[in-house]
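Please look over the sequence and the model below. A short report on a residue, a contact surface and a chain follows.

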Amino acid sequence: MSETAPRDAAHVEARNRATDYLVRRHYFRWPEALPWLIAVGCYFLFPDRMAFGNQVLIMVLFALSLDLILGYAGIVTLGHAAFFGIGAYVAALITLQLGWEEPISGLLVGGLVAGLAGMVVGWFVLRYRGLTLLMLTIAFAATLQESGNLRSDITGGYDGLPGLTYKPLLGHFNYDLYGHVNYLYVLVVLAVVFYFVRRIVYSPFGQALTGIRENVQRMHAVGSPVHRRLVTVYAISAGIAGIAGALFTQTNAYVTLTVFDFEYSAKVMVMLILGGTGRLYGAFIGAVTYMFMEDYFSKLSPTFWQFGIGLMLVLVVLFARRGLLGVIEDAGQLFSRRKSS
Amino acid sequence: MSHAAEIVVSILFDGLAYAMFLFITSVGLSITMGLMGFVNLAHGAFAMCGGYFVVSLTRSLGVPFVPSLIIASVAVGVISVPFERYLYRRLYKSTDLEQVLLTIGLAFMAIATFTYFYGPIPKSVPLPHWLTGHVNLGFRSFPSYRVFLIAIGAGLIAVLWYGFEQTNIGAKIRAAVDNRRMAESVGINVDRLFTLTFALGSGLAALGGGLAIQLFGLTPSFAVLYLVLFLIVVAVGGLGSLKGTLLAALVIGILDTGGKYAFPVAGNLFVYGITVAVLLIKPAGFFGRE
Amino acid sequence: MTAASTAALEVQGLNRSFGALHVTREVNLTLEVGARRALIGPNGAGKTTLINLITGALRPSTGKVLLNGEDITGLSQAQRARRGLARTFQINQLFRGLTVLENIAMTIGERDGNCNNMWRSAGAKQVVIDEALDHLESLRIADDALKLVRELPYGRQRLVEIAIALAQRPRVLLLDEPAAGVPSSESHLILDVVASLDPDIAILIIEHDMDVVFRFAKEITVLVQGAVFTQGTPSEIMANEDVRAVYLGQESHHAMAGGA
């Protein structure tokens with residue numbers, strides 16, 4: 001083995017500092033409480049906008065699932081709506097066809113089926129990159145949509161499956177017309193899933209994912225089972241997207257084939273890019289900002305909204321590659337540098 | 001002619017016309033992606049622009065259809081040059097994702113702009129007399145417009161083939177697609193080559209857009225609606241390959257037409273099925289490299 | 001046990017063609033345990049190609065690669081790496097967005113299966129961190145532990161390049177021009193490291209600098225146009241007229257071409 005260099009005080013201190021960095025990397029920092037406080041705050045401050053709040057939280061969850069594969073593993077896909085849709089339809093169909101009205105278990109089943117689909121699909125398509133991978137993911141989502149249209153007797157086609165009913169949450173909380181209970185339901189699910197995702201991202205597995213994103217060739221050379229890692233994270237991400245889809249069905253009591261739209265896959269990617277990839281909270285910032293802007297501007301003028309989104313994308317790519325979170329981080333660094341000088 | 005044969009001929013004919021449209025619009029995308037590795041999702045927007053130019057030229061300025069096609073193609077080709085030199089060029093070394101996002105952003109901006117000026121209602125073009133109606137090719141008569149489309153497609157294929165295989169410029173493009181570094185080191189000005197190819201590809205896309213009006217009607221959403229289809233043709237055919245784009249266009253054009261006739265409920269299932277099947281067996285497409 | 005089965009690495013009849021281009025021709029090579037072998041040859045001789053064939057980045061047209069007696073010809077790069085084969089690249093292949101420490105810690109994590117763990121934090125295993133820091137210290141880059149790799153000067157990045165390979169605890173190490181691109185004022189850092197590597201590791205080093213070769217190597221393989229031209233001890237190679245001709249021929253060709 002290598003000889004140990006003589007350890008003087010400075011050496012030991014540097015070593016400890018380095019160790020500390022790795023050991024503490026995953027600790028919770030106080031700014032991380034902000035998004036949750038805000039979310040809870042909205043519950044009390046905007047009781048009449050709970051239905052909208054629901055959809056925002058669901059999109060945050062969807063964007064979070066995409067961040068796992070896009071931000072951390074570097075997989076570029078434009079077909080993630082496929083898994084959202086699978087979760088949505090599984091949740092709808094077990095209620096309609098099997099009369100299963102317990103929501104939480106329905107949620108888990110939706111997520112599980114979507115996750116399994118992700119594992120199978122991922123096993124095939126993650127051997128490829130670039131345009132090939134992009135087209136395969138787009139084709140998969142589109143195939144599901146078209147197949148769903150083929151059997152519109154089951155799926156309700158583009159008109160959808162209305163009138164789903166659910167038992168009260170945990171057997172106790174009844175749903176109200178204004179979506180208050182649903183909002184808290186989605187928020188709790190989001191928090192639980194987020195906790196798991198955060199653990200994954202700071203784990204050695206998460207480290208390996210960033211390694212794959214940074215230099216896949218070297219990962220092969222150091223013995224990493226790259227394909228297995230990618231399929232694993234893809235399956236997990238698909239499962240989470242499926243949970244988001246199931247929540248969509250349950251909180252809207254309605255689902256249509258538009259959940260598989262290419263536009264949906266593109267939209268969630270835009271949200272994530274806007275917020276910033278690879279940092280988990282980018283999903284929050286991006287989804288919330290996008291949904292609010294869309295809500296406001298598309299009512300004003302759908303054409304201006306579309307132009308604005310396009311312009312925003314161009315500007316982000318050219319000038320703010322790390323998204324809003326990156327801008328915030330840079331501003332924060334600038335501020336702390338000014339303070340210390 | 002027996003009934004079954006009639007149907008087959010119809011499907012082949014319509015499929016061929018559709019394939020020509022796909023080829024004309026997609027070939028530019030395939031060559032530029034193969035040449036520069038740049039994912040240009042604004043390609044559909046160039047096609048859409050071409051279509052609207054033709055609409056304005058024919059309706060507002062009274063220019064006849066065929067000259068309008070030519071003018072529109074050249075105009076869009078010329079307009080695409082500053083985009084390439086001042087915007088796209090900055091991203092040649094960027095990741096695929098960044099290129100995708102930038103060009104989708106441009107496409108959205110284009111759609112919104114054209115919606116503002118032309119409105120969302122589908123437009124049509126006034127055709128010259130000889131393009132409406134039918135043409136008798138001996139054993140059957142066919143719609144003149146589609147015959148025209150096939151003729152243009154065939155002519156373009158011949159011109160492009162000659163250009164690629166027999167001219168100096170074509171050789172340079174093929175060399176640069178094959179191995180850019182090597183091409184640069186033997187003195188080929190790849191930057192200028194790309195601007196030229198990009199302009200040509202965008203011009204052809206505009207031509208395709210103009211030709212598509214009669215087939216599908218024109219709305220600003222054309223830019224993204226058909227984008228996935230163009231990407232499929234390019235991916236299935238193989239980046240940077242003229243042969244590949246043609247073969248993919250034919251396969252998709254004919255099988256999609258046939259599939260929609262036999263099983264109309266299945267919609268686009270055939271196209272996506274072909275895509276998945278080809279890409280899983282040959283991930284680089286029919287004639288793609290590696 | 002025959003002599004062949006004690007070899008750390010054995011290459012038998014390796015051939016590789018790209019269409020009509022025959023880039024690797026009937027190469028036979030043996031690395032004993034603790035070998036210090038240099039692979040030299042004129043530019044374009046196929047040295048890096050040979051490394052790629054040994055590590056599995058390229059599949060051979062024909063031939064076999066054996067690692068510690070086991071036939072690994074059908075195995076993937078990652079599978080070979082897990083069996084104790086490590087390499088460095090001629091141009092740095094690092095995890096540029098991560099810190100130096102994480103580059104090494106992750107490599108160790110992949111090596112001992114820690115990266116299968118999705119639950120505990122990456123910093124939870126103290127042994128991994130300690131070992132990573134040990135590796136950095138032995139290469140004298142411990143001070144850069146918390147710097148992002150892309151912020152380091154090229155010479156120090158090159159040390160990280162080697163550190164990653166060493167963190168794999170290989171039994172066979174293939175070094176592709178380890179000092180390439182490093183300013184000559186710093187190249188001694190690299191070479192000191194190479195000289196002080198564990199005597200049990202079998203090492204094959206591609207190198208152009210003859211001083212380095214003669215200082216480091218106990219055996220030399222000369223590769224010309226994809227085939228083994230000759231092999232021997234440094235003094236044998238130095239005295240070999242034909243080797244000089246091959247290199248001299250290369251030099252005069254360069255001189256005629258204007259030193260391109």
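Gln99(B) sits in helix α4 of chain B, which covers residues 96-118. The model is predicted. Is Gln99(B) buried or exposed? Gln99(B) has 21 C-beta neighbours inside 10 Å, so this residue counts as buried. The cut-off for a buried residue is 20 or more. Leaving out residues up to four places away in sequence, Gln99(B) touches Phe38(B), Val39(B), Leu91(B) and Ser94(B). Pro264(B) lies 36 Å from Gln99(B), C-alpha to C-alpha. In sequence, Gln99(B) and Pro264(B) are 165 residues apart.

Next, the contact between two chains. Here 28 residues of chain A meet 33 residues of chain B. On the chain A side, the elements that give two or more residues are α6 (130-150), α12 (262-275) and α14 (302-319). The largest share comes from α6(A), with 13 residues.

Now chain C. This chain has nine helices and ten strands. Its C-alpha atoms fill a box of roughly 60 × 45 × 35 Å along the principal axes. Buried residues make up 47% of the 260 residues in chain C. Take contacts in chain C between residues at least 6 apart in sequence: 66% of them join residues at least 24 apart.

Note on methods: Residues are numbered from 1 along each chain as its sequence is written. Chains are lettered from A and ligands numbered from 1 in the order in which they are written. This is a predicted model: local features need pLDDT of at least 70, side-chain atom pairs count only at pLDDT 80 or more; totals for chains, interfaces and linings use all residues. Two residues are in contact if their C-beta atoms, placed from the backbone, lie within 7 Å. Helices (H or I, at least four residues) and strands (E, at least two) are DSSP runs, numbered from the N terminus. A residue is buried if 20 or more other C-beta atoms lie within 10 Å of its own, exposed if 12 or fewer, and partly exposed in between; C-beta atoms are placed from the backbone.
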